[in-house]
Amino acid sequence: KHGRVNLLINYVDDLMYVRTTTNQSAKERIAAETIKHLPEGSSVFVGLDVGNTVWHVAKLLVSDPTKIVVTSSLDAANIYAEAGNPRLYCTGGQLREVDRGFYGYWSLQNLKSIHMSVCVLGSVGIVNRDGIGAVSFDDRDAKLLYAKNSDMRIAIFDSTKCARGTLVEGLPWEAIDLVISDTGMPEADRERIEAKTRLVLV
């Protein structure tokens, strides 16, 4: 029993290391491209999902005085705290240690009451999914609310996610306005995504 627990702990640690160190240059390019597609204006509300690639977007947004961020990511919130930028609202909720995201009733209730100009959604995998994947039903519910309450929906993930599966489907391609990934994406995935929505590869 203890052996299985230790294996699970090691798996979670490995998962976090892989997610935060794999394909970083691609994630930076994806984040830079994402910024180009955000609406212009003096008070643009940007919803930021949980995820390492989305975190790279937060690093670029923190210096933009025209954007107000709504996020369920502790890591994104920390970027704003460290920069002394108060233009961020955190959904709150129960903190999940694996991805440092806020989930549950509190988080969903706050998302229900917020209208965003655009949301940026991440995914840990798209294998056998007709859309971006979610790691849990809480994650799926958060993604659905981000999408429902946003004028524009952008999904971003690096090409390594094309080889990873997820527990549940988060949001179908048809509900996403733009998908941004890198040129390492397999041709089969390009074709199935482009059949449903707009795809940009960097």
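**Close-up 1. Helices α3 and α4 are roughly parallel in this predicted model.** Their axes, lines fitted to C-alpha atoms over the stretch in contact, come within 9 Å and cross at roughly 15°. Angles run from 0 to 180 degrees between N-to-C directions; those under 35 degrees count as roughly parallel, over 145 as roughly antiparallel, 65 to 115 as roughly perpendicular and the rest as oblique. Helix α3 spans residues 52-61 and α4 residues 74-83 (DSSP runs of H or I, at least four residues, numbered from the N terminus; strands are E runs of at least two). W55, A58, K59 and L61 of α3 meet D75, A76, I79 and Y80 of α4 (contact: heavy atoms within 4.5 Å). By class, this contact has 6 nonpolar, no polar and 2 charged residues (nonpolar: Ala, Val, Leu, Ile, Met, Phe, Trp, Tyr, Cys and Pro; charged: Asp, Glu, Lys and Arg; polar: the others, Gly among them).

**Close-up 2. Helix α2 (residues 24-36) packs against α3.** The angle is about 55°, with the axes 8 Å apart. That makes α2 oblique to α3. The contact residues divide into 7 nonpolar, 5 polar and 2 charged.

**Close-up 3. V69 sits in strand β2 (residues 67-71).** V69 counts as buried because its relative accessibility is 0% (buried: under 20% relative accessible area; exposed: over 50%; partly exposed: in between; 1.4 Å probe, protein chains only). Beyond residues up to four places away in sequence, V69 touches V46, L48, L61, Y80, R87, L88 and Y89.

**Notes.** Residues are numbered from 1 along each chain as its sequence is written, and side-chain values use heavy atoms, leaving out hydrogens and water. In this predicted model, local features need pLDDT of at least 70 and side-chain atom pairs count only at pLDDT 80 or more, while totals for chains, interfaces and linings use all residues.
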